[in-house]
Amino acid sequence: MTPSHTSTGVAGCLLAGFGAATAALAWAPRAAISIDGGFEGHARDLSVLVVDLPLVLLGGALVPLLTWALTIRWVGRPWLAVLAAVTALALGVWGLLEWWTPRQAPNPGYGQGI
């Protein structure tokens with residue numbers, strides 16, 4: 001492997017790590033109610049840690065990595081590949097925030113009253 005191939009691979013791995021971290025940080029505020037459960041823990045749903053978090057991390061890592069790899073293969077310019085990967089990550093995080101909202105049960109403390 002030449003040094004340029006090594007640096008290209010390292011850049012792709014860094015983009016994958018950056019994508020996974022960004023996706024997790026965007027996911028965490030919406031998942032907080034499911035983790036702590038809200039008032040007296042009535043809305044606790046820890047399946048977000050078992051199901052949703054791994055999928056968010058995997059998607060956050062794979063979207064920029066695959067975009068990076070395809071752009072390097074087709075165009076061959078690293079700066080364009082970085083731009084395409086960051087754009088794909090931004091669109092992926094935007095899509096995640098628009099589409100995914102964890103299930104929230106109605107709050108039992110706020111009802112019709114007496």
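Here are some friendly questions and answers about the predicted model shown above.

User: Let's start with the overall fold. What pattern does the chain follow when read along the sequence?

Analyst: Begin with the elements in this predicted model. The chain has three helices and zero strands. Read along the sequence, that gives the pattern α-α-α.

User: What share of the contacts between residues at least 6 apart in sequence joins residues at least 24 apart?

Analyst: Contact here means heavy atoms within 4.5 Å. Take the contacts in the chain between residues at least 6 apart in sequence, and then pick out those joining residues at least 24 apart. Their share is 67%.

User: Is L89 buried or exposed?

Analyst: L89 lies in helix α3. Leaving aside neighbours within four places in sequence, L89 is in contact with F18, G19, T22, G60, V63 and P64. Its relative accessibility is 7%, and the cut-off for buried is under 20%, so L89 counts as buried.

User: Now for T71. Which residues does T71 contact, leaving aside neighbours within four places in sequence?

Analyst: T71 sits in helix α2, which covers residues 47-74. With 12% relative accessibility, T71 counts as buried, because buried means under 20%. Setting aside the neighbours within four places, its contacts are G76, L80, A81 and A84.

User: How does L53 count at 21% relative accessibility?

Analyst: L53 is also placed in helix α2, and it touches W27 and V48 once neighbours within four places in sequence are left aside. Buried would need a value under 20% and exposed a value over 50%. L53 has 21%, so it counts as partly exposed.

User: What is the C-alpha to C-alpha distance between L53 and A24?

Analyst: In sequence, L53 and A24 are 29 residues apart. Their distance in space, C-alpha to C-alpha, is 7.3 Å.

User: Where is R44 found, and which residues does R44 touch, not counting those up to four places away?

Analyst: R44 is found in the loop between α1 (3-36) and α2. Not counting residues up to four places away in sequence, R44 touches S34, I35, D36 and G37.

User: Which element gives the largest share of the nonpolar patch?

Analyst: The patch on the surface is formed by I35, L46, L49, V50, V51 and L55, with about 520 Å² of accessible area together. One of these residues, L55, counts as exposed because its relative accessibility is 55%. The largest share of the patch is four residues, and they come from α2.

User: Which elements give two or more residues to the lining of the largest pocket?

Analyst: The largest pocket holds about 240 Å³ of space. It is lined by 14 residues, of which L55, V56, G59, G92 and L96 lie nearest its centre. The elements that give two or more residues to this lining are α2 and α3 (78-99).

User: One more about the whole chain: what percentage of the accessible surface belongs to carbon and sulfur atoms?

Analyst: Buried residues make up 27% of the 114 residues in the chain. The accessible surface of the chain comes to about 7,700 Å². Of that surface, the share belonging to carbon and sulfur atoms is 70%.

Terms used:
Residues numbered from 1 in each chain as written. Predicted model: local features only at pLDDT ≥ 70, side-chain atom pairs only at ≥ 80, totals over all residues. Heavy atoms only, no water. Buried < 20%, exposed > 50% of the residue type's maximum accessible area, 1.4 Å probe, protein only. Patch = residues over 30% accessible without salt bridge, like charges linked within 9 Å, V, L, I, M, F, W, Y side chains within 5 Å. Areas by Shrake-Rupley, 256 points an atom, 1.4 Å probe, with all protein chains shown as cover. Salt bridge = Lys/Arg side-chain N within 4 Å of Asp/Glu carboxyl O. 1 Å grid on protein atoms, 1.4 Å probe; cavity = no way out; pocket = protein on both sides within 12 Å on 5 of 7 lines; lining within 4 Å. Points joined across faces, edges and corners; volume = space filled by probe spheres on them.
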